[in-house]
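Take a look at the chain shown here. How are its pieces arranged, and which residues lie inside?

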Amino acid sequence: MSTARAPFAPWDRRELPGLFPVEESARRVGNYKWTEMRLFEVLGGWVATVPELDVKLVLGRHTYHHAWHAELWHKRLPELREMNPERMTKPANDEFVKFMDAVREPEAPEQTIEKLVGVYRVLIPRKIAAYTYHLNGTSRITDAPTIRSLKFALQDEFEDWRDGEMLLQSLLDTPEKVERAMKRQAELEALVFASGGIAGPGSLGDALEHKENGA
């Protein structure tokens, strides 16, 4: 008499369904790729103009990380479904485009603080949160490649955030500079809040549904 066995070992209690249907996962990945490409462009543009050598070197290293993340997401799109990667590569909404334009806005050499605040105190924390939410809600069986990409990206994001925050703290050596950083962060937080995050409303859950239900 044969006994049917579970597909996984007794200590492995993984679940087949994740939070995201294929279309939703692809939409998020397309938003991630667009954001990584824009951030690659932003940091790459600043490398040539920031006067502080230590900042220049860190930005150069991080620029490569975001280019690689964009490649990871690009490769995931065709695997998720027969979808056109270029068509899926788009921002979450117009509000997020405004936010990214504002992140990129500081051009003057004396605006290093404003540049770093936008990336390391506003954008990258949002990316870490959205990637972590996606990681925790994705099926470990049916979407294992996306989990692998999220883990690679998150490792870079955490390390980049730490580097950027340390650079900022080394630059904030007067109360006036601290005030500049706070003002800049508040302006950008308002913009990214309006967008809902890098994947739009619901970046960290079904916020849109809660809003529509009056919660």
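## The whole chain

This is a predicted model. The chain holds 8 helices and 0 strands. Read from the N terminus, its elements run α-α-α-α-α-α-α-α.

The chain has 215 residues, and 44% of them count as buried. Now take the contacts between residues at least 6 apart in sequence. Of these, 82% join residues at least 24 apart.

## Helices α1 and α5

Two packed helices are described by the angle between their axes and the distance between the axes. Helix α1 covers residues 22-47, and helix α5 covers residues 112-137. Their axes come within 12 Å and cross at roughly 160°. That angle is over 145 degrees, so α1 is roughly antiparallel to α5. The crossing of the two is left-handed.

Which residues of α1 and α5 meet? From α1 come Ser25, Arg28, Val29, Tyr32, Thr35, Glu36, Leu39, Leu43 and Trp46. From α5 come Lys115, Val119, Tyr120, Leu123, Lys127, Ala130, Tyr131, Tyr133 and His134. Sorted by class, this contact has 11 nonpolar, 3 polar and 4 charged residues.

Helix α4 spans residues 94-104. Which of its residues are buried? They are Phe96, Phe99, Met100, Ala102 and Val103. Seen down the axis of α4, these buried residues fall within an arc of 155°, so they line one face of the helix. An α-helix has 3.6 residues a turn, so residues three or four places apart point the same way.

## His69 in helix α2

His69 sits in helix α2, which runs over residues 53-80. Is His69 buried or exposed? Its relative accessible area is 0%. Buried means under 20%, so His69 is buried.

What does His69 touch, leaving out residues up to four places away in sequence? It touches Glu36, Phe152, Ala153, Asp156 and Glu157.

How values were computed:
Residues are numbered from 1 along each chain as its sequence is written. This is a predicted model: local features need pLDDT of at least 70, side-chain atom pairs count only at pLDDT 80 or more; totals for chains, interfaces and linings use all residues. Side-chain values use heavy atoms; hydrogens and water are left out. Axes are lines fitted to C-alpha atoms, for helices over the stretch in contact, and angles run from 0 to 180 degrees between N-to-C directions. Helices (H or I, at least four residues) and strands (E, at least two) are DSSP runs, numbered from the N terminus. Angles under 35 degrees count as roughly parallel, over 145 as roughly antiparallel, 65 to 115 as roughly perpendicular and the rest as oblique. A crossing is left-handed if the near helix is turned anticlockwise from the far one by less than a right angle, and right-handed if clockwise. Contact means heavy atoms within 4.5 Å. Ala, Val, Leu, Ile, Met, Phe, Trp, Tyr, Cys and Pro count as nonpolar, Asp, Glu, Lys and Arg as charged, and the others, Gly among them, as polar. Buried means under 20% relative accessible area, exposed over 50%, partly exposed in between (1.4 Å probe, protein chains only). The arc is that of the directions from the helix axis to the C-beta atoms.
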